[in-house]
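Hi,

Here is the structure I promised to pass on. My notes follow below it.

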Amino acid sequence: DGQSALSELVRVRQRCGAHTYNSICLCLSEVDHDLRKELMKKRRRSDQERRFRAFPSMEQSALKEYEKLESRTRRVLSNTYQKMIHSVFLDDCIPSGVKYLINRLLVLIEKPSLDPIYIGLLGSTGAGKSSLINAIIQQAMFLPVSGENTCTSCIVQVSSGCCECFEAKIHLLSDQEWKEELRNLTMLLHRTQELRGEEAGDGDSDDAVEEATWRLQMVYGPGAERRRYEDLLRTKPKGKIPTSRVITLKAEEVTARLFSLFFIYLREREREWTIDKCSVIWVVSDIESAAGGRAHEDLLNESLRACQRGFCRDIALVVTKTDKLHLTEYLRERKMGNQDVRNQHEAVFQRNEMVKLQRRRILQEKLKRKLSADSKVLEASDLVYTVSAQEYWQQTLLTEEETEIPKLREYIRKRLLDKKRRAVTKYVIEAFGLLLLTDSFNLAESLSNEHLTMSGLRQFVERKTELLEKAIEQCFAHIERPLKEGVQVARTSYRRILGACLVRSRGNQGLHQTLKAVCLNNGVYASRTLARIDLNEAISQPIYDQIDPVFGGIFSDRKPTGCALMPHIDAFQYSLQEKMAEIGARHGWKHDSYKKSFLIQEISAILGDLEGYILRRKRRIYQAVTSSVQNDLKSCYEEAAQITGKKACERMKDVIRRGVERQVAEGMFERAQERMQHQFQQLKHGITEKVKGSIATMLTLASSQGDGLYKELADISSEYKAMERLHRSLAEVAENAQLRRSMQDFLLGRSPNKAAP
Ligand SMILES: Nc1nc2c(ncn2[C@@H]2O[C@H](COP(=O)(O)OP(=O)(O)OP(=O)(O)O)[C@@H](O)[C@H]2O)c(=O)[nH]1
C-alpha cells in the first residue's frame with residue numbers, strides 16, 4: 001500500500017541517493033492503463049508530426065526511426081531499472097557495484113532526448129536579424145524595426161519543437177545583478193548632476209548618461225534618473241518581472257514593447273552566455289555594411305573569440321537585404337553597360353556572387369590567422385550567405401531559392417539530423433553496454449578479478465594514464481612560446497593601445513561619463529549605440545594575437561595535428577580497448593565476454609564525457625589572461641571612478657594610465673601568463689584525475705563478483721535480448737537513411753525539376 005511503499009522509498013533513498021528515490025516515485029505513480037497508453041501514443045504521434053513538419057519526408061523518416069529507437073531503448077532501460085529496484089528493495093546493504101548500475105541506469109533514463117542547437121545571430125541594430133528569423137521560421141514572430149528603435153538587442157532564445165508554436169525566451173538579470181547594475185547607474189547619474197556646475201562642456205550629452213537615464217526610466221518611469229539608489233530599490237518596476245527571470249513569449253505575444261522594456265535587464269554576462277553556448281554563429285550584416293564597417297568587424301572578432309572560448313564550431317556571414325540595389329548606380333560604379341547586366345535581377349545575382357567570393361576569402365584569411373589552420377570551420381563550404389528576407393515573402397525580384405532562406409533552413413535541418421543521429425547512436429551503445437554488465441552480474445562464475453590481475457590490465461592502465469599525462473603536457477607546452485612572445489609584445493604596445501582607447505578625435509566631448517561607466521564596470525562597457533569598450537581585453541589583445549592559432553590548434557577537432565589534445569585521448573581510448581580485446585582473446589575469456597564488451601563500451605562513455613569537460617574548461621583558460629589583467633587593474637578603476645570636480649575626465653585618464661603603468665612594472669602581463677599556464681595545468685590535472693577515477697571504478701565493477709560485491713539480481717535476460725536487437729537496428733537505421741539519400745540523389749539527378757520541396 002501507499003504508506004509502506006513510502007517508508008520503503010525513504011529507506012532506499014538513504015541507501016542510493018535522491019536520484020533513485022525520485023524515480024521510484026515516478027514508477028509508483030505510473031498507472032498502467034491501456035487508455036492512457038493509447039492517448040500517450042496519439043499525443044506522441046501528433047507531437048512528432050508537428051516537430052518534424054519542417055523536414056522533407058525522407059528526413060522525417062530518418063528522424064522518426066531514430067526517435068523510435070531511442071524511446072524503445074529508454075523503455076528497456078526503465079524495465080531493467082524497475083526490476084533492479086525490486087530485487088534490492090528490502091536489502092539493508094546494497095553492494096556498491098549494484099548502486100553504480102542503478103545510478104547509471106537512472107542517468108541514462110533521464111538523459112534529455114536532444115540538447116538544443118544554439119545558433120547565435122549577431123548583428124548591429126537594423127541589420128535584419130528579426131526579419132531573417134521570421135523568414136526562416138516562416139512566421140511573423142518578431143516585429144522588425146523602422147530603424148529608430150532597437151528591439152532585439154537582448155538575448156532571445158527562439159525554439160521550436162515541443163510546443164504548438166514558436167517560443168522566444170528572454171533571460172533577465174538576477175535580483176542581485178540588477179541591484180549591482182542599479183547602483184552603478186545611479187552612481188553615474190548622480191555624479192553627473194553634481195558635476196554639471198563645475199565642469200560644463202566636459203561631458204554634455206554623453207552616451208553613457210543617456211543610456212543610464214533611458215534604462216532607469218524604462219524600469220521605473222519618468223523622473224527615475226533623479227532618484228536615489230535606496231529609493232529606487234524600494235520602488236516596484238513598471239513591468240512585471242517574473243521570479244524565474246526568464247520570459248517565455250509565444251509567437252502571438254511578441255511585441256516590440258515587451259522587448260524594449262526588458263532588455264535593460266540584460267547585460268554583459270548574459271551577452272557572453274549567448275554567444276559561448278552557441279555551436280553556430282551567424283554574423284548578420286546588411287549588404288551595405290558587410291563591406292567592412294567598424295561594427296561588422298567588431299562583431300566578427302567577437303564571434304572568433306567565441307569560437308576560441310566556447311562551443312562554437314561553425315561561423316558564417318549572413319549578408320542581408322540583398323534585394324536593395326540601385327541599378328543605374330550599380331552599373332555606373334562598375335563601369336558596365338546595359339548589355340552585361342540586363343536587369344535588376346541579374347545585377348543582384350552578380351553582386352551576390354561577387355560579395356560571396358570577396359567575403360569568403362577575407363573571412364577565410366581571418367579564420368586562418370585566428371584559429372588553427374586545420375580548424376573545421378575553415379572547411380565549411382558555405383561561409384557566406386546572401387539573403388533577402390523581404391524577397392522571401394514578396395518574390396517580385398528573386399525566387400524563393402534565390403533568397404537563400406531555404407539554404408539556411410536546410411543547414412539547420414542537417415545539423416539537427418546529424419546531432420540526432422550521433423546522440424541516439426551514443427545512447428543505444430551506452431545502454432547496451434550497461435545491459436551487458438547488468439546481465440553478467442547474474443552469471444555464477446567469478447573469474448574476473450583474477451583475470452584482471454593476471455592479465456596485468458591494471459598496470460597497463462596505470463602506465464597508459466602516465467603516458468597520457470605526459471602527452472597532454474607536451475601538447476600544452478606548445479602554448480608557452482607564443483604566450484611568452486605575446487607578453488613581450490603586450491609590454492611594448494600597451495601605451496599605444498591605451499592611448500587609442502582614451503583619446504577621441506573630438507576631445508573629451510561625450511567621453512567623460514562613458515569612461516566613468518567603464519571604470520564602474522571594471523574596465524568594460526557595452527552600450528546600445530557605441531562599439532563595446534573593454535580596456536582589459538584591448539591591453540591583452542597582443543597576447544591573444546600570438547596565442548590564438550596555437551590555442552585553436554590545441555582544442556581543435558580530432559585532426560591529428562602536432563598540438564591537438566583530443567587525438568591523444570582518442571589514442572588512449574584505442575589502446576585500452578585494444579588491450580581488452582587482446583586479453584579477451586588470449587584468455588579465451590568466454591565467461592566474461594560480457595564484461596569485456598562492457599569495459600570496451602564503458603571506456604568510450606568515460607572518455608566521451610571528458611570532451612564536454614574539456615570544452616567547459618577551455619573557456620576559463622582562454623579568459624585567464626583578460627581576467628587576470630582585469631583583476632590587477634581593479635583598484636585603479638575604483639580610484640578613477642571616484643574622481644569628481646574640475647578636469648575630472650583628464651584626471652581619470654591619468655589615474656588609469658598611471659595604474660596601468662604601475663601594474664605593468666609590477667608584472668601584470670607576466671601574472672596573466674602564469675594564470676593561463678596555471679589553468680592549463682588544472683585542465684591536465686582534471687583530465688588525468690577523471691580518467692584514473694572512472695577507470696578504477698570501472699575495473700572494480702568488472703571484478704565485483706570476485707570482491708564479494710556480487711548480488712543475485714532479477715532476471716533481465718529478456719531486456720538484454722531486446723537491447724541486443726535495438727543495438728543491431730542502429731546499423732539498419734543508418735543504412736536506411738543512406739539508402740533513402742542515394743535514392744533521392746538518383747531521382748533528383750533525373751528529374752527535370754531539381755529544386756525538390
Ligand atoms: N529591403 C529589405 N529590407 C529589409 C530586409 N530585411 C529587413 N529589412 C528591413 O530592415 C529594417 C530592420 O530590420 P530588423 O529585422 O528589425 O533588424 P534587426 O537586426 O532585428 O534590428 P534590431 O531589432 O534593432 O536589432 C526593417 O525596416 C526591415 O523591414 C530585406 O531583406 N530587404
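A helix here is a DSSP run of H or I covering at least four residues, and helices are numbered from the N terminus. Please keep in mind that this is a predicted model.

First, the whole protein. Its secondary structure comes to 27 helices and nine strands. Of the 757 residues, 36% are buried. Take the contacts between residues at least 6 apart in sequence: 78% of them join residues at least 24 apart.

The cut-off for buried is 20 or more.

What does L498 touch beyond its neighbours within four places in sequence? The contacts are I539, R657 and V660. A538 is also worth a look. It lies 40 residues from L498 in sequence, yet the C-alpha to C-alpha distance is 7.7 Å.

Next, the helix pair. α20 packs with helix α25, residues 648-665. The angle is about 165 degrees and the axes are 11 Å apart. Angles over 145 degrees count as roughly antiparallel, and α20 and α25 are therefore roughly antiparallel to each other. Their crossing is right-handed.

Which residues make the contact between α20 and α25? From α20 come R491, Y494, L498 and L502. From α25 come K653, I656, R657, V660 and V664. By class, that contact has six nonpolar and three charged residues, with no polar ones.

Best wishes

Notes: Residues numbered from 1 in each chain as written. Predicted model: local features only at pLDDT ≥ 70, side-chain atom pairs only at ≥ 80, totals over all residues. Contact = placed C-beta atoms within 7 Å. Axes fitted to C-alpha atoms, helices over the stretch in contact; angles between N-to-C directions. Helix = DSSP H or I, 4+ residues; strand = E, 2+ residues; numbered from the N terminus. Parallel < 35°, antiparallel > 145°, perpendicular 65-115°, else oblique. Left-handed = near helix turned anticlockwise from the far one by under 90°. Nonpolar A, V, L, I, M, F, W, Y, C, P; charged D, E, K, R; others polar. Buried ≥ 20, exposed ≤ 12 C-beta atoms within 10 Å, placed from the backbone.
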